[in-house]
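Please look over the model below before reading my notes. I have kept them brief.

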Amino acid sequence: MKTNVTGIPALALALCLLLAACGGQGASPSEAPPEDLPPEETAPVPSGFPELEETEWEAVSVDLESFGLSVGHDDERFMYIMGHTDTVPLDQLIVFDLWGDALTEGSSEELRSRFLEAPDTVLAYLVLMGDQRVDYWDQPLAADTVCNSIATADAAWHGGSEEFAQTLAACRERYSSGRVAELLDVMEQEHAASMERNHGQSQ
């Protein structure tokens, strides 16, 4: 069951949830096309917490309908995201990565890049996703699935980069407990498993 949160900037809610180490779900989406989305308001950053860049999140949701999207080549907005993974907001990139099936190589690579560039912002969004699950056969947590995409992209296409290891270690220092630490565990475990799979395939 989903709980919609309206009237609260996504960044402000993300900061509150990260400090409290708990999850939540969703600001209502706008009807603007992906290239014309208005920026969210910038919330003050509490003392001692990393400053996040300005966000442009429509919704914190794993449902395509929340973004006016549907799966398929006939959905222009869906295909727009595939062709503009480097410019669309994080919320749209994530929902595309969760539902794009064979089309998601570019979105997973972009998620890795955004994690390396702004790990606190990516982790904030993942915490906001709360206990939302993806409609796969085993109903995994959506946030965990995104962590797996990020980790697999680094292991499979970058051979386990030093930049990824350093970013993960820096996040460990900032977030030693709570939901963020759990997400880092998921990322680390999937990265190790993916590296092992790649090693086995290369032999």
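The points below cover confidence, the nonpolar core and the cysteines.

1. Ground rules. This is a predicted model: local features need pLDDT of at least 70, side-chain atom pairs count only at pLDDT 80 or more, and totals for chains, interfaces and linings use all residues. Residues are numbered from 1 along each chain as its sequence is written, and side-chain values use heavy atoms, with hydrogens and water left out.

2. Confidence. pLDDT is the predictor's confidence in each residue, from 0 to 100. The chain average is 79, and 72% of the residues score at least 70. Residues 1–8 fall below 50, with 17 contacts (heavy atoms within 4.5 Å) beyond near neighbours in sequence. Residues 20–49 are also below 50, with 79 such contacts. Where pLDDT is low, the predicted coordinates should not be read in detail.

3. Core. A nonpolar core is a set of buried Ala, Val, Leu, Ile, Met, Phe, Trp, Tyr and Cys residues joined through side-chain atoms within 4.5 Å. Buried means under 20% relative accessible area, with a 1.4 Å probe and protein chains only. The largest such core has 44 residues; Ile 94, Leu 98, Phe 115, Leu 126 and Met 129 have the most contacts inside it. Helices (DSSP runs of H or I, at least four residues, numbered from the N terminus) giving two or more residues include H2 (76–83), H3 (90–99) and H8 (178–202). H3 supplies the largest share, 7 residues.

4. Ile 94. Beyond four places in sequence, Ile 94 contacts Leu 111, Tyr 125, Leu 126, Met 129 and Val 146.

5. Cysteines. Cys 147 is buried at 0% relative accessible area. Cys 171 is buried, also at 0%. The disulfide count (cysteine sulfur atoms paired within 2.5 Å) is 0.

Note on methods:
Buried means under 20% relative accessible area, exposed over 50%, partly exposed in between (1.4 Å probe, protein chains only).
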